[in-house]
Amino acid sequence: MLNRRDFVRLAAAASAATSLPATMLPQAPKKIRYAAVGLGRISCQHFMPGTKLGQYGEITGLVSGHPDKAAKFAAEYGVPQKNIYTYETYDQMKNNPDIDAVYIGLPNNMHAEYTIRAAQAGKHVLCEKPMANTPADCQAMIDACHKANRKLMIGYRCQLEPTFLQARKMIQDGVIGKVWAIEAANGFNIAPNEWRSDAKYAGGGPLMDVGIYSLNACRWLLQEEPKDISAHSYVDPTDPRFKGVEETIGWVMTFPSGAIATCNTTYGASQEGFTRLHGSKGTLEIFGYGYDGIHMSLRSKPAVEVPQPDANKDPHQFLVESDYFSRCILDNKEPGPNGEEGLRDMQAIARIYAAAKKA
């Protein structure tokens, strides 16, 4: 309980604070204002809720071809009608000072167009992975953002996730010695009529969607680019789910250090995601690429304590992603998973598909 002396002291402090000039009062952090482009699952169930929980970003605009859906989420996030756009009116964002950046959660074949148009409208871009359907589209996105002096980040959540960050540091510190072999996989049994299994929209099958996690993990953890790539793919010709894309694909990458990575991904079976790295002093295994629950185990000599799993639940990874990109914009820093990082993945994916076609 406060005594009289405590009460007088607190009252005096409060009085002094209210008399300070506005410039000397604690200021709320400046926020980057996002327009969510495409109101599908990734935007509505993950990115937008995560941004709402964050410190440096907020949802102030929406882009959708469905007026009813746009109205519903506008009410939830307090987005005024003037900040709701269709794909036809998208370019009018150029004249809207309420929007600093866009989050692109569209099908893969639309990433390049809406990134380029956003940059031309003077907006920064956070684009979901895969960056685009071709390396040429990726380069066009990079060029457009450079020309407009806008930042471009690709949504590689795992590069900001504590378990993956700790694993990368342990590899850098030599905890498992020299890495000689990697095994990685990720896949699921896809439902019928998904746009992800249609080449027109997705540009490819599971490699573009979930296999890219394994590819990126190998490259990012080793901090190397693959020197040689071989691959094999398969699709059941009697399965109507797959429209011009692979059902399953496996590939092997050899890196300049001598490490060999064996990876596979599928849309035909439930496949737990993992990355297993074998080094001269031990083995490090990371379980999962999902929106929560990622954890790891370590077998090494001498034994090293492994950090506890990240207990945060979805949409926390999107909170981190949104706040990270917002701070990059506010502090004028280049994002780690930038356009060049997305381009390197797509260059590797193009090589994997070419190798599978020759096999």
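This report describes the fold of one protein chain, from its overall make-up to single residues.

## Model and overall make-up

The model is predicted: local features need pLDDT of at least 70, side-chain atom pairs count only at pLDDT 80 or more, and totals for chains, interfaces and linings use all residues. Residues are numbered from 1 along each chain as its sequence is written, and side-chain values use heavy atoms, with hydrogens and water left out.

The protein chain has ten helices and 13 strands. Both are DSSP runs numbered from the N terminus: helices are H or I with at least four residues, strands are E with at least two. The C-alpha atoms fill a box of roughly 80 × 60 × 35 Å, taken along the principal axes. Of the 359 residues in the protein chain, 51% are buried. Buried means under 20% relative accessible area, exposed means over 50%, and partly exposed lies in between (1.4 Å probe, protein chains only). Contact means heavy atoms within 4.5 Å. Among contacts in the protein chain with a separation of 6 or more, 69% join residues 24 or more positions apart.

## The six-stranded sheet

Six strands form an open sheet in the order β3-β2-β1-β4-β5-β6, with parallel pairing. β3 and β6 (152-154) stand at the edges with a single partner strand each, so one side of each has no neighbour in the sheet. Two strands pair if DSSP finds at least two bridges between them.

β1 (residues 32-37) and β2 (57-63) are parallel and share six bridges. Tyrosine 34 has isoleucine 59 in β2 as its bridge partner. The chain gets from β1 to β2 through helix α2, in a right-handed β-α-β crossover. Right-handed means that, with the strands pointing away from the viewer, the path from the first strand over the helix to the second runs clockwise.

β2 is mostly covered, with six of its seven residues buried. Two bridges join β2 to strand β3 (residues 84-85), again in the parallel sense. Leucine 62 is the bridge partner of isoleucine 84 in β3. Valine 63 is bridged to tyrosine 85 in β3.

β4 (residues 101-104) is covered on both faces. Ala101 and Tyr103 are buried on one side, Val102 and Ile104 on the other. In a regular strand, side chains alternate between the two faces of the sheet.

β4 runs parallel to β1, joined by four bridges. Isoleucine 104 in β4 stands opposite valine 37. β4 also pairs in the parallel sense with strand β5 (residues 124-127), over four bridges. There, isoleucine 104 has cysteine 127 as its bridge partner. The chain passes from β4 through helix α4 (residues 111-120) to β5 in a right-handed β-α-β crossover.

## Helix α2

Helix α2 (residues 41-53) has 13 residues. From first C-alpha to last it reaches 17 Å, close to the expected 18 Å. The expected span is 1.5 Å times one less than the number of residues. α2 bends by about 30 degrees at phenylalanine 47, and proline 49 follows within four residues. The bend is the angle between axes fitted to the seven residues ending there and the seven starting there.

Buried residues in α2 include Ile42, Cys44, Phe47 and Met48. The cover over the buried residues of α2 includes β1, β2, α3 (67-77), β4, β5 and α9 (316-330).

## Phenylalanine 73

Phenylalanine 73 lies in helix α3. It is buried, with a relative accessible area of 10%. Phenylalanine 73 touches Leu39, Cys44, Met48 and Leu62, not counting residues up to four places away in sequence. Phenylalanine 73 and leucine 62 are eleven residues apart in sequence and 8.3 Å apart in space, C-alpha to C-alpha.

## Cysteines

The whole structure holds zero disulfides. A disulfide is a pair of cysteine sulfur atoms within 2.5 Å. The sulfur of cysteine 138 is 8.6 Å from its closest cysteine sulfur, in cysteine 127, which is too far for a bond. Cysteine 138 is buried at 0% relative accessible area.

For cysteine 145, the closest cysteine sulfur is also in cysteine 127, at 9.2 Å, too far for a bond. Cysteine 145 counts as buried, at 1% relative accessibility.
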